[in-house]
Amino acid sequence: MSAGEACGSEHCITCGDDGVPMTVLGVDGGRGLALCADAGGAHHTVETALVDPVAPGDALLVHAGTALARLAGVAAGAAA
Amino acid sequence: MRFVDEFRDAELGRAVAGQILSLVAGSDPPRHYKFMEVCGGHTHSIYKYGIDDLLPANVELVHGPGCPVCVIPMGRVDDGIALAHQDGVIFTCFGDMMRVPGSSGSLLEAKAAGADIRMVYSPLDALRIAKHNPGREVVFFAIGFETTAPSTALTLKRARSEGVRNFSVMCSHVTIVPPLRALLESPDLRLDGFIGPGHVSTVVGARPFDFIPADYGKPVVIAGFEPLDILQAIEMLLRQLDGGRCEVENQYRRVVPYEGNLRALEVMAEVFELRPHFEWRGLGFISHSGLKLSEAYADLDAEQRFSVPGIRVADPKACQCGEVLKGVIKPWECKVFGTACTPERPIGTCMVSSEGACAAYYNFGRFAREREVV
């Protein structure tokens with residue numbers, strides 16, 4: 001069994017490489033959580049405190065159960 | 001899927017590879033370019049997609065220390081195993097960590113020997129286990145760079161707000177800038193530039209890397225993890241060198257803002273504080289490179305709640321992970337690579353994680369050769 005298989009994906013979950021694009025399906029605003037779907041359709045409970053507010057249909061980058069960024073949410077001129 | 005498929009376009013990849021070739025073909029006198037990809041995720045992508053085969057022979061990629069599993073020293077694994085064997089403890093960690101060898105076995109072997117060790121996909125999963133097992137003490141072995149640290153911090157805040165008292169964290173989070181500075185100070189390192197870590201930068205932003213061009217005169221391009229991202233980052237590095245520029249550029253603008261995620265930085269500042277020193281596998285002790293829980297969260301610190309040995313264990317003599325992590329040797333140049341040390345029975349951590357340079361070389365067939373000249 002490879003490390004990737006142990007993780008359940010080909011990437012290592014510990015590293016930021018495991019940042020997974022997901023789409024928000026539903027929001028539990030009171031608990032700061034959202035139900036999201038990955039590209040394969042699998043559902044995940046995601047912590048949204050770092051990117052709130054989120055709404056169904058939003059695209060998020062999720063790592064280790066926490067949304068770190070909104071995809072395409074960065075203004076083109078904002079980066080160095 | 002959007003944000004994925006368009007960055008794997010073969011035709012565009014060939015076009016960028018052509019631009020790279022034209023940039024280096026005209027160098028007079030002929031020049032050898034050596035770039036370090038800091039993040040293990042980039043190493044994995046480079047070999048998965050065969051990116052190095054698209055590069056001219058005089059563009060070399062060197063693999064950096066950005067695999068958080070690979071840099072965990074043996075003594076830290078031993079501490080985790082000792083903690084996992086304590087009565088009433090459920091020890092939780094990411095799957096990659098379970099196979100990292102300590103001085104007398106891995107967490108996976110400790111689990112086989114009877115310790116209650118469970119793999120989780122997030123710290124939130126560990127907190128859920130704690131809620132479902134109120135009579136047990138649940139410890140989360142927190143490792144990772146600034147990408148993972150916010151998840152741990154948020155989970156600790158959630159544990160506090162929900163009153164979950166049987167949850168604690170053994171904090172082994174590390175930060176990316178101190179090892180980069182240590183590498184740049186290393187006299188045996190010859191580099192022309194860096195491919196910066198994409199998802200760490202999502203949290204910390206581009207600003208923390210400004211010291212690399214300012215103090216060391218090396219360009220940095222922060223890159224995503226798809227093949228086109230990495231190829232474009234190499235092209236951008238070459239364009240900087242060609243144009244006599246030296247700065248931090250952001251290829252991964254669709255995700256990385258210059259200032260990072262301020263909320264993530266705030267929550268990390270509240271929950272963590274810097275350790276005076278932290279030991280890195282192969283790199284030794286580096287000042288202010290590791291995180292521990294702040295005073296405000298000390299009651300959730302597993303190292304204060306339980307006794308851990310805290311013994312330092314020297315790396316195995318046969319293992320050359322240190323040189324690999326510093327980019328001094330290629331994985332296949334290590335004397336135990338692919339023989340005594342394989343992903344099934346790793347000696348060094350670089351062979352454990354799929355992000356580790358040795359595992360990437362082994363899994364994608366780079367056993368003992370340099371690239372063919374293109």
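**Exercise 1.** In this predicted model, find which residues of helix 5 of chain B meet helix 6 of chain B, and sort the residues of the contact by class.

*Solution.*
Step 1. On the side of helix 5 of chain B, the residues are B:Pro123, B:Leu124 and B:Leu127.
Step 2. Helix 6 of chain B answers with B:Ser151, B:Thr152, B:Thr155, B:Arg158 and B:Ala159.
Step 3. By class, this contact holds four nonpolar residues, three polar and one charged.

**Exercise 2.** Describe how helix 5 and helix 6 of chain B are oriented to each other.

*Solution.*
Step 1. Two numbers describe a pair of packed helices: the angle between the axes and the distance between them.
Step 2. For helix 5 (residues 123-132) and helix 6 (residues 149-161) of chain B, the angle is about 25 degrees and the axes are 9 Å apart.
Step 3. Angles under 35 degrees count as roughly parallel, so helix 5 and helix 6 of chain B are roughly parallel to each other.
Step 4. The crossing of helix 5 of chain B with helix 6 of chain B is right-handed.

**Exercise 3.** Work out which elements of domain 1 of chain B touch domain 3 of chain B.

*Solution.*
Step 1. Chain B is divided into domain 1 (5-64 + 189-250), domain 2 (74-174 + 290-305) and domain 3 (321-360).
Step 2. Between domain 1 and domain 3 of chain B, the C-alpha centres are 23 Å apart.
Step 3. The contact involves 10 residues of domain 1 and nine residues of domain 3 of chain B.
Step 4. On the domain 1 side, helix 2 (40-48) and strand 2 (59-66) of chain B are the elements that give two or more residues.
Step 5. Helix 2 of chain B gives the most to this side, with five residues.
Step 6. The domain 1 side has four nonpolar, six polar and no charged residues.

Methods: Residues numbered from 1 in each chain as written. Chains lettered and ligands numbered in written order. Predicted model: local features only at pLDDT ≥ 70, side-chain atom pairs only at ≥ 80, totals over all residues. Axes fitted to C-alpha atoms, helices over the stretch in contact; angles between N-to-C directions. Helix = DSSP H or I, 4+ residues; strand = E, 2+ residues; numbered from the N terminus. Parallel < 35°, antiparallel > 145°, perpendicular 65-115°, else oblique. Left-handed = near helix turned anticlockwise from the far one by under 90°. Contact = placed C-beta atoms within 7 Å. Nonpolar A, V, L, I, M, F, W, Y, C, P; charged D, E, K, R; others polar. Domains from an automatic or database assignment.
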